[in-house]
Amino acid sequence: MPKLAIRLKVIPKPEPETRIILQRDGPNPLVSGSDQSAPDLCCGACGFPLVTGIEKLVITNAVVHCQKCGAFNELLL
């Protein structure tokens, strides 16, 4: 059975000092955990996995900046 992948909602670049922008350089996801049953949270624009192996991720007022394509992704599901 293939692993579930959820594409996040792409949003415009947030205005300075209005949101927390999470980002990482390199080929790995921003956050990786060990829960193999947890869905991957992927960039809504390019599908790159941004968060893997984490069942519950609660971060408010944050967006994820995709290191592959540069899109800004809403972290709320």
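Select Asn 61 to begin. In this predicted model, Asn 61 counts as partly exposed because its relative accessibility is 40%, a value between the 20% below which a residue is buried and the 50% above which it is exposed. Asn 61 belongs to the loop between β6 (49-52) and β7 (62-65). Its backbone deserves attention: phi of Asn 61 is near 60°, a positive value in a residue other than glycine.

Next, select Glu 17, in the loop between β2 (9-11) and β3 (20-23). Is Glu 17 buried or exposed? With 84% relative accessibility, Glu 17 counts as exposed. Glu 17 is not a glycine, yet its phi is positive, at about 65°.

Now turn to the open sheet. Display β1, β5, β6 and β4, which form it in that order, with mixed pairing. At its edges are β1 (5-7) and β4 (31-32), each of which pairs on one side only. As a general point, the strands of a sheet pair through backbone hydrogen bonds, in either a parallel or an antiparallel manner.

Strands β4 and β6 run parallel and are joined by two bridges. Select Val 31 and look across to β6, where Val 51 stands opposite.

Move to the other pairing of β6. Strand β5 (residues 40-42) pairs with β6 in the antiparallel sense, again over two bridges. Select Cys 42 to see its bridge partner in β6, Pro 49. The hairpin of β5 and β6 has six residues between the strands, and Gly 47 in this hairpin takes a positive phi near 85°.

The last stop is Asn 73, located in strand β8 (residues 72-74). How accessible is Asn 73, and is it buried or exposed? Asn 73 is buried, because its relative accessible area is 0%, and the cut-off for a buried residue is under 20%. Show its side chain, which reaches the backbone oxygen of Ala 71 at 3.4 Å.

Finally, display the surroundings of Asn 73. Beyond its neighbours within four places in sequence, Asn 73 is in contact with several residues, among them Leu 8, Lys 9, Val 10, Leu 50, Val 63 and Val 64.

Methods: Residues are numbered from 1 along each chain as its sequence is written. This is a predicted model: local features need pLDDT of at least 70, side-chain atom pairs count only at pLDDT 80 or more; totals for chains, interfaces and linings use all residues. Side-chain values use heavy atoms; hydrogens and water are left out. Helices (H or I, at least four residues) and strands (E, at least two) are DSSP runs, numbered from the N terminus. Buried means under 20% relative accessible area, exposed over 50%, partly exposed in between (1.4 Å probe, protein chains only). A polar contact is a pair of N or O atoms within 3.5 Å; within protein, one must be able to donate a hydrogen and the other to accept it, and residues adjacent in sequence count only if both atoms are side-chain atoms. Contact means heavy atoms within 4.5 Å. Two strands pair if DSSP finds at least two bridges between them.
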